[in-house]
Amino acid sequence: MVREIVIWPDPVLKEIATPVDRVDDDVRRLLDDMAETMYAADGVGLAAPQIAVGRRIIVIDVSPREPDQKLIHLVNPEIVEAEGKTVYTEGCLSVPGEAEEVERANKVRVRALDYFGKPFEIVAEGDLLAIALQHEIDHLQGTLFVDHLSSLKRELIRKRMKKLKQQRAADAAEAVKRAPRHESAL
Ligand code: ZN
């Protein structure tokens, strides 16, 4: 099921997500929903807080840009090693239409549980996967890419997001008004 993506700023995006005790069917359903939501929005990564679920769960699929990659489910992901520096122009499904350069580690080693709760490790270096892992794990700490920017840039983006939310609310109200009405006196 495609879920609604929360737009920044929103308190739920600032919360620190809680670890998952057990990867059960509920968690797998959530992972499926998250992947579906990410693909529907043409994204390459999604963290649970972005659909208003405060748990340490992320999905990543950078294969549109890096064809040798595939969908990765990460539960309770943790960066256990980070090396070097790189700059990448990032966007975020919770900050639509915006993209800015962010400095990240060039190489990361991440430990997590997979779709079946089995521990695994993933190493990514100098590619979009390395960036996506850091970006999504940031979400679990209540940090968005805009938090890495200057306050001036962040405030400009905040204003544009406010406008976008107002526009969406107005569009939704308009859609309700235009909807056909069925009335019956019974
Ligand atoms: Zn994001």
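This briefing covers the zinc site, the salt bridges and the aromatic pair of one structure. The model is predicted. A zinc ion is held by Cys92, His135 and His139. The count of salt bridges is 14, and the count of aromatic pairs is one.

**Zinc site**

- The zinc ion is coordinated by SG of Cys92, NE2 of His135 and NE2 of His139, at 2.1 to 2.3 Å.
- Along the sequence, these donor residues follow the spacing C-x42-H-x3-H.
- Cysteine 92 and histidine 135 link distant parts of the chain, 43 residues apart.
- Cysteine 92 sits in the loop between strand S4 (86-90) and strand S5 (100-104), whereas histidine 135 belongs to helix H3 (residues 128-140).
- Both cysteine 92 and histidine 135 are buried.

- Glutamate 155 and arginine 158 form a salt bridge through their side chains, with an N to O distance of 2.9 Å.
- Glutamate 155 is partly exposed because its relative accessible area is 35%, a value that lies between the 20% and 50% cut-offs.
- Arginine 158, at 32% relative accessibility, is likewise partly exposed.
- Glutamate 174 takes part in a salt bridge with lysine 177 (3.6 Å, N to O) and in another with arginine 178 (3.6 Å, N to O).
- Lysine 177 and glutamate 174 are three residues apart in helix H4, so about one helical turn separates them.
- Glutamate 174 and arginine 178 are four residues apart in helix H4, so they too are separated by about one helical turn.
- Glutamate 174 is partly exposed, with a relative accessible area of 33%.
- Lysine 177 has a relative accessible area of 59% and is therefore exposed, since exposed means over 50%.
- Arginine 178 also counts as exposed, at 59% relative accessibility.

**Aromatic pair**

- The one aromatic pair in the count is formed by tyrosine 115 and phenylalanine 116.
- The geometry of tyrosine 115 and phenylalanine 116 is edge-to-face, with 5.2 Å centre to centre and 80° between the planes.
- Phenylalanine 116 is exposed because its relative accessibility is 63%, which is over the 50% cut-off.

Methods:
Residues are numbered from 1 along each chain as its sequence is written. This is a predicted model: local features need pLDDT of at least 70, side-chain atom pairs count only at pLDDT 80 or more; totals for chains, interfaces and linings use all residues. Side-chain values use heavy atoms; hydrogens and water are left out. Rings of Phe, Tyr and Trp (its six-membered ring) pair if their centres lie within 6.5 Å; planes under 30 degrees apart count as stacked, over 60 as edge-to-face and the rest as tilted. Buried means under 20% relative accessible area, exposed over 50%, partly exposed in between (1.4 Å probe, protein chains only). Donors are N, O and S atoms within 2.8 Å of the metal (3.2 Å for Na, K and Ca); water is not among the atoms, so sites may look incomplete. Helices (H or I, at least four residues) and strands (E, at least two) are DSSP runs, numbered from the N terminus. A salt bridge is a side-chain nitrogen of Lys or Arg within 4 Å of a carboxyl oxygen of Asp or Glu.
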